[in-house]
Amino acid sequence: MDIISILQLLGGIGLFLFGMSQMSSSLEKLTGSGLERILERVTTSKKKGVGVVKGWGFGVGVTGIIQNSAATTIMLIGFVNAGIMKVAQAMPVVFGANVGSTVTSQILRLGDIGSDNLILQLLQPSSFAPILVGIGAFIILFSKNKKAKNVAGIFVGLGMLFYGMTLMESVFAPFKENGNFKELFTSFENPLLGILIGLVITVILQSSNASVGLLQALSATGVISYSVAIPIIIGENLGKCSTTIIGGIGANKKAKRLVIGYIFFNVFGAVLFTVLIYLLHHTVGLPFMHDSVNRGSIATLHFLFNFLTSMILLPFSSKVSEFTEKVVGGDGEKPADRELAKLDDMLLNTPTIALEQCKSLIQKMSEAVQENYQLATDMIYKYDDALIPKMEENEAFIDKCETVLSAYIVRINRKRLPLDDKLTVYEILNSIGDFERMGDYCMNIAYVARDKNEQEIHFSPSGHKEVETIIEAVKYTVDTTVTAFKEDDISMAVRVEPLSTAIDEMKEIIKSHHVDRLQEGTCSIAGGVSLFDLVNSFERIASHAANISLHVIKKVRKDDDFDEMHGHASDKHSEEYKALYHYYESQYIDPILKDHSDRLINAPEEREEKAEKAQKDKNAKKVRKAKEKIKKKKDNK
């Protein structure tokens, strides 16, 4: 083999790999994000066995499309690493993925078709490869339709794959009658050497499909026998584990269990088939072992290795999962770390799933805000210092979520996303900061409650009632906002802005009422400082909640032109807005105003009662002093 032949061989392998990559990429774009979206749903079922079979079938289907079991497994590693799937759910998909990886070799067996007439000649890869490339290139150049271009990409990829195969075959064609070449492959009949050759070639090419395709190209020389092909195919299935091992580096322990499961599948199959075939060969004898193989025979051997191994292991997928746990061990992660681990770098290859994980994490973030709000407001009147560490733990989680989510969502936004996903990116990116600020104000409420307790500050009965009312209003605002965000519920989202406006008015009313009470002497200045700090925090929480509701509205309405930073959920002069505002006004503002009005009406009587009581206390004090003087004089005598 001269330098030109070597270059042609490398070119053929390159065309083969490029064609496979092009076809895979176009198929993925054509199917959209649906494959990833339904993955978890497909692998779950009330009946355990049904979920296992569905997962296996899905693994076959997905890998049949992307034609790379390692890529499917790496995608699954990302899902498991992010907590989307359990290891037991993913294991049957891994088994199916190995079967799906045999599709390429089945396509390449078309090269065995005879050439007796024109129709059969056209069905040969060497004939229809240029037709496929030509049609695909024409569509790509002149069509603007994305789906049409994706279909064209499949044609071009398939054509390039066959071009590569044909080029490899042409390199090996001169060796058909070469005695040294035949002698070389006779040495590969040693099972261990054959397995090693298959493993090394697959590790170098990083694709079992490419190494099997290379073997199919060699089979055209007629020097490859079953005794040579079988160990090489076994080695090729072992070699494809290298890509998965690399993909699992840096993953958590759960994801590493999936890598172990993938390796176990191929090692188990290799040991089983090696022992079984060579045991039979050296006992009863397998007469076909020295017969020449063709492309179809290699494709069948490759398929049987993976299919039979998966059929044997599928009923024991849960046991395999348990075995991997014993090998790797438990994850030992804290709950907060598990949540943050959902934003796995591997998921960036499936942006739709990555976005779902972002939304799942921000929901956890919102739940931490809800919990902190409840704890903080409870402490205003029943302070408990033991609750502060829990709030600070939640706040640390909220802050970390903001940092991690912001960086991760920017990386997703670099991908080409459909409009719906882009709107989700904007919704999440803009809502992160608002949730984080809400968490900050919850902590501020808790610290005000602590100072109030330490300084023994008490609100007047009227101030107490007003604070309880605004606490209730803001709690409803937070809960409504979180529900609207979680469920993309526009009917809930539109309620938040008028409620936030009502709370802003409540803040000013409460401050005004406090000044009145201060002048009357029923409230202290220190109490006023705490009160003002509290109501300002409540108003800011409601304001950030309103911002989030507008982001939700923009996403649900799919209105890319809606300016949620300066716009409103609805026209403030509309009947809908007015009705909502008047409702919240009657619920929260009117009771405060009525209570204050009643207090002012009753204020003169209250002042008279206080004056009478003070006079009585003064007179009683004088009488007590007079009695003490009389008693003292008697004692002196």
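**Exercise 1. Are F138 and F142 buried or exposed, and how are their rings arranged?**

Start with accessibility: F138 and F142 are both exposed (buried is under 20% relative accessible area, exposed over 50%, partly exposed in between, with a 1.4 Å probe and protein chains only). Keep in mind that this is a predicted model, where local features need pLDDT of at least 70, side-chain atom pairs count only at pLDDT 80 or more, and totals for chains, interfaces and linings use all residues. Residues are numbered from 1 along each chain as its sequence is written, and side-chain values use heavy atoms, with hydrogens and water left out.

Next, the rings. The structure holds 13 aromatic pairs (rings of Phe, Tyr and Trp, the last by its six-membered ring, pair if their centres lie within 6.5 Å; planes under 30 degrees apart are stacked, over 60 edge-to-face, the rest tilted). For F138 and F142, the centres are 4.8 Å apart and the planes stand at 45°, so the pair is tilted.

**Exercise 2. Which helices does the pair Y476 and Y584 tie together?**

Geometry comes before location here. The ring centres of Y476 and Y584 are 6.2 Å apart with planes at 50°, so this pair is tilted. Now place them: Y476 is in helix α23 and Y584 in helix α26 (residues 575-636), so the contact links parts 108 residues apart in sequence.

**Exercise 3. Which lysines sit over the rings of F485 and F459?**

Apply the cut-off: NZ of Lys or CZ of Arg must be within 6 Å of the ring centre and within 35 degrees of the ring normal. For F485, it's K359, lying over the face at 5.0 Å from the ring centre. For F459, the charged end of K452 sits over the ring, 5.2 Å from its centre.

**Exercise 4. Where are E456 and D488, and what are their phi values?**

Recall the background: most residues other than glycine have a negative phi. E456 has a positive phi, near 55°, and belongs to the loop between α22 (419-454) and α23 (461-487). With 63% relative accessibility, E456 is exposed. D488 also has a positive phi, near 50°, and lies in the loop between α23 and α24 (490-520). Its relative accessible area is 24%, so D488 is partly exposed.

Conventions
Helix = DSSP H or I, 4+ residues; strand = E, 2+ residues; numbered from the N terminus.
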